[in-house]
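The sequence and the model come first.

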Amino acid sequence: MIQTLFALILILFSLTSAYAGVFGKDDRLNYYAMPPSYQAVADSTVAIIEKKRLTTLPDGNILLVANSLKEKLNFCADEAFANEPMIANCSGALISNDIILTAAHCLPYEVDTTLSSLDNYVAVFGYQLRQEKQTQVILTQDNVFECDH
């Protein structure tokens with residue numbers, strides 16, 4: 001009985017961990033390695049970030065604070081993107097001047113159906129690594145937007 005339960009747990013674990021993987025050739029590129037036409041599209045992408053991950057610097061710019069994927073999720077050092085900061089909870093796309101499209105699971109749902117949980121997040125444009133081996137992201141305040149609900 002215990003061996004059967006253990007086998008079932010292993011099967012379920014392997015199915016759930018495989019779900020988030022990259023299958024086939026991993027041809028993802030960082031912003032700095034993309035052709036300019038791809039960068040233009042990437043510029044409309046927004047990162048949904050918890051406010052607690054932002055630090056305002058003395059010059060007024062914003063430092064996005066996070067551990068690397070290697071530190072946070074125990075990635076192997078030679079894994080693609082392992083040393084890059086893991087800052088965003090989710091991503092979205094700008095679909096109008098003041099409307100961002102994102103998945104429902106990106107933000108916690110409040111039981112009382114208010115939108116108060118949105119107060120803990122910001123939408124950040126310009127969250128791209130612009131050079132190889134970059135470990136910090138510093139942005140100007142005009143790239144950080146709060147929800148107006």
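Ile-62 lies opposite Leu-139 of strand S7. Strands here are DSSP runs of E with at least two residues, numbered from the N terminus. Strand S3, residues 62–64, runs antiparallel to S7 and is joined to S7 by three bridges. Two strands are counted as paired if DSSP finds at least two bridges between them.

Together with S2, these strands make an open sheet of three, ordered S2-S3-S7, with antiparallel pairing. Its edge strands are S2 (54–56) and S7 (137–139), and each pairs on one side only. Neighbouring strands in this sheet are turned against each other by 25 degrees on average, direction ignored. Such angles are taken between axes, which are lines fitted to C-alpha atoms; they run from 0 to 180 degrees between N-to-C directions.

## Basis of the model

The model is predicted: local features need pLDDT of at least 70, side-chain atom pairs count only at pLDDT 80 or more, and totals for chains, interfaces and linings use all residues. Residues are numbered from 1 along each chain as its sequence is written, and side-chain values use heavy atoms, with hydrogens and water left out.

## The five-stranded sheet

Another open sheet has five strands in the order S5-S4-S1-S6-S8, with antiparallel pairing. S5 (99–102) and S8 (144–146) stand at its edges with a single partner strand each, so one side of each has no neighbour in the sheet. On average, neighbouring strands of this sheet are turned by 40 degrees against each other, direction ignored.

Strand S4, residues 90–96, is joined to S5 by four bridges, and the two run antiparallel. Leu-94 has Ile-100 in S5 as its bridge partner.
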